[in-house]
Amino acid sequence: MKKLHLLSNAHLDPVWQWEWEEGAAAAVSTFRAAAEFCEEYDGYIFNHNEVILYKWIEEYEPALFARIQRLVRQGKWNIMGGWYLQPDCNMPSGESFVRQILMGRLYFREKFGQEPRTAINFDSFGHTRGLVQIMRQAGYDSYIFMRPDEMPGLPGDEFIWEGYNGSSVLAHKVEGGYNSLMGKSAEKIRKWLEKHSERATGLVLWGVGNHGGGPSRTDLDQIGRLMEETGDFQVIHSTPEAYFEDLRKQELPVFNGDLNPRFVGCYTSMIRIKQKHRELENQLFLTEKMVSAASLQGLLAYPAEELHEALCDLLTAEFHDILPGSSVQPAEEASLRMLDHGLELASRLRARAFFALAAGQPKAAPKEYPVLVYNPHPFPVKGIVECEFMLEDQNWQEEFSMPVVFQEGRRLPCQPEKELSNLNLDWRKRVVFQAELAPFAMNRFDCRMEMLAAKPVPELKQTDGSFLFHTDRLQVRINGATGLMDEYAADGVPLLAPGGFAPLVLADNEDPWRMDTCRFDAVEGVFRLLNEEESGSFSGVAGPLPAVRVIEDGEVRTVIEAVLGWEHSRICLTYKLPKQGTEVEVHVRVYWNEKDKMLKLAVPTLLGNGAYRGQTAYGISELKADGSEAVAQKWTALEDRTGGLAVTLINNGVYGSSCLNGELRMTLLRGAGYCAHPIFERPILPQDRFLPRMDQGERSFTFWLNGGSRDTRRTAIDREALAHNEQPYALSFFPSGEGVLPAPLLQLEDDAIQLAAFKREERGTGYILRLFEPTGQGGSTRICTPALGIREQVELSGFEIRTYRLDAASGTLTRTELCE
């Protein structure tokens, strides 16, 4: 007999149109009612997922929690999915997805003895292909999702979803929604039976949802009668795993792409949430590496509880109505507080690890100011280091104390730049220097003061209407009349067209999701350079000021600043042009005061209709280059299809972008309303009062532009993006000279393979190393741990994730499961 599996659930967003306290209350009442029905109706099974909800039940109504545990043992309540929560499935990093699953696995195993094999993300707004390998390595063989609601390229509702590195899971796309209206579940089931009478097996989700609810007595009674009446189908209360056991008997089509796009406005809405989320990802994983290095060498006790607390903050912020920016404003503010809490925990732990790892550093010589920089990566990091410190005393003379940086007696390229403080006194110092940082080690630099008659002034001047910056490898031209980048040439090869980094204003609307479109094309304006009077006023100085100016210039870099405006908004663009290498840092400080508008940053390349690619969770997404809005993580790249060239752009918390005719457009800001979308022909927002808009005010963004050979860029980009996002930790510190210098802990002897995670295992005393091959081409490396005497050669296939367990006591490195 043909079989229809009924999946009773109660979709409950922890926050959305409400704050988390109301979500917790709804969870308690929903779970209490569901438990009563499980006990009353024979054969009925209630399904629910998400650790965060069960933790609320465990804390706020422990008797109900014990009751649910008993129902799970009896098979009447099914632990479904088994993740921490239903996250956004595009913007979290691959390692964040691993932690969503790992925290879920640990909790449900310990509290209920359950390990689901089917992952579910009913309500997430699209899904990266990178999920497949992660799920498969975590023990999942199947996946249920609903969005995109319509996806023309999908081969059907039931298919094999292929991921990277040969991984695959069975997939089911929910039809008819994950909810049902109260008293309408039997009607929903009948409609499915009429439409799919030829199918051998099927799945229907039912239960009141979005704010909880789940089953009702009316629905259960009606479904019971329907089960008795149906002849061709056996209709049963079921679980995801039981459905997929039947489905796997069928021959299914294959799909090997992302399940995108859907709700493309969510790639940008509430940009503060996205940037704080990226920052906490970076700082948490960096901190884990530092405290692991210190703990492994006996320098501190591993702070497992504090790291777990910060991780829970991160995982909660990844919820699919928090990270995408589709909740109410109080939920936004609460989420920002939560992210700041995680960041504060990470900051304190990072400082604790830093001081521990500074053991054995010699005392400073007289008149020297030590700068210690810890590189948390298993590869050398070459680049520019910035650090501030105080002089031993205030200098009230007109002369200038010039900091000069040395490493082991060798003078390094360095320059002073304006410190964060605005005290007009030679006292606080900010030094910028070029260095190469040894992997997983504390790097020591010493600053000495040279007295100059006055502070050096910039040498680069405007000539023929532009500022031309030139080194043996890099040429950049900043237009003095527009403030934009008119030329970027790396190693003699021009890569950008004029007008680079132009801020564009595009038509938008009030809907934070943008449920009605997948692209933003209508340019309403371009920010223009301010005149000298406007520039002075905006910059906060007493009088006119050139709108394009050189503000720093030295041995390390030249810094050019431009101020622009459009309507009620202003932008300060800062170009940091290096004296070594070809990577240009661009900082964008925006004062945004526009509604129903979108801000994009245009980077026109000379690569024509190239291939557009972007980092995704443990992989690379092939993005559309037709102007559609795309989602990616730490970097995007445009690659010439014939000339072997590429332009790459690293970011510090931007996820939306588009590409058309060789022009990259990074999406920075919107001016949408809070939690509003089209309903029939009604106005999206009420029209009778003031309503706040998201992302009004000051916001900042940083990009790192580079270009050159496509093969070189492909190899280097992932490590460069990691080093910029998980930046080495620099601090001016006078060590005691006591203790023993820690040995360099870890090194990967290749140019590409990433160390995605280094932490202590959740239940045990070993340490977890997670490697990832980021190019898709495969590669080999040697894992070296000098402190433990380990050297092991490993081979990874393209985009492969591989996890190892390091046992310090035995000095062994062994391969282990993704979810340790």
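This is a predicted model: local features need pLDDT of at least 70, side-chain atom pairs count only at pLDDT 80 or more; totals for chains, interfaces and linings use all residues.
Contact means heavy atoms within 4.5 Å. Residues are numbered from 1 along each chain as its sequence is written, and side-chain values use heavy atoms, without hydrogens or water.

Gln615 touches Ala632, Gln633, Lys634, Trp635 and Asp718, residues up to four places away in sequence being left out. Gln615 sits in strand E30 (strands are DSSP E runs of at least two residues, helices H or I runs of at least four, numbered from the N terminus). Gln615 is buried, with a relative accessible area of 8% (buried is under 20%, with a 1.4 Å probe and protein chains only). A polar atom of the Gln615 side chain lies 2.9 Å from the backbone nitrogen of Lys634.

The structure holds 3 cavities of 30 Å³ or more. A cavity is a set of points on a 1 Å grid over the protein atoms alone where a 1.4 Å probe fits but cannot get out; lining residues have an atom within 4 Å of a point. Volume is the space filled by probe spheres set on the points, joined across faces, edges and corners.

The largest cavity has a volume of about 260 Å³. Its lining comprises 19 residues, with Ser93, Gln615, Tyr618, Lys634 and Leu722 nearest the centre. Two or more lining residues each come from helices H4 (94-112), H9 (271-296) and H13 (710-725) and from strands E30 (611-616) and E40 (754-760).

The second largest cavity has a volume of about 40 Å³. Its lining includes Asn9, His48, Glu50 and Phe122.

Notes:
On a 1 Å grid over the protein atoms alone, a cavity is a set of points where a 1.4 Å probe fits but cannot get out, and a pocket is an open set with protein on both sides within 12 Å along at least five of seven lines; lining residues have an atom within 4 Å of a point. Buried means under 20% relative accessible area, exposed over 50%, partly exposed in between (1.4 Å probe, protein chains only). A polar contact is a pair of N or O atoms within 3.5 Å; within protein, one must be able to donate a hydrogen and the other to accept it, and residues adjacent in sequence count only if both atoms are side-chain atoms.
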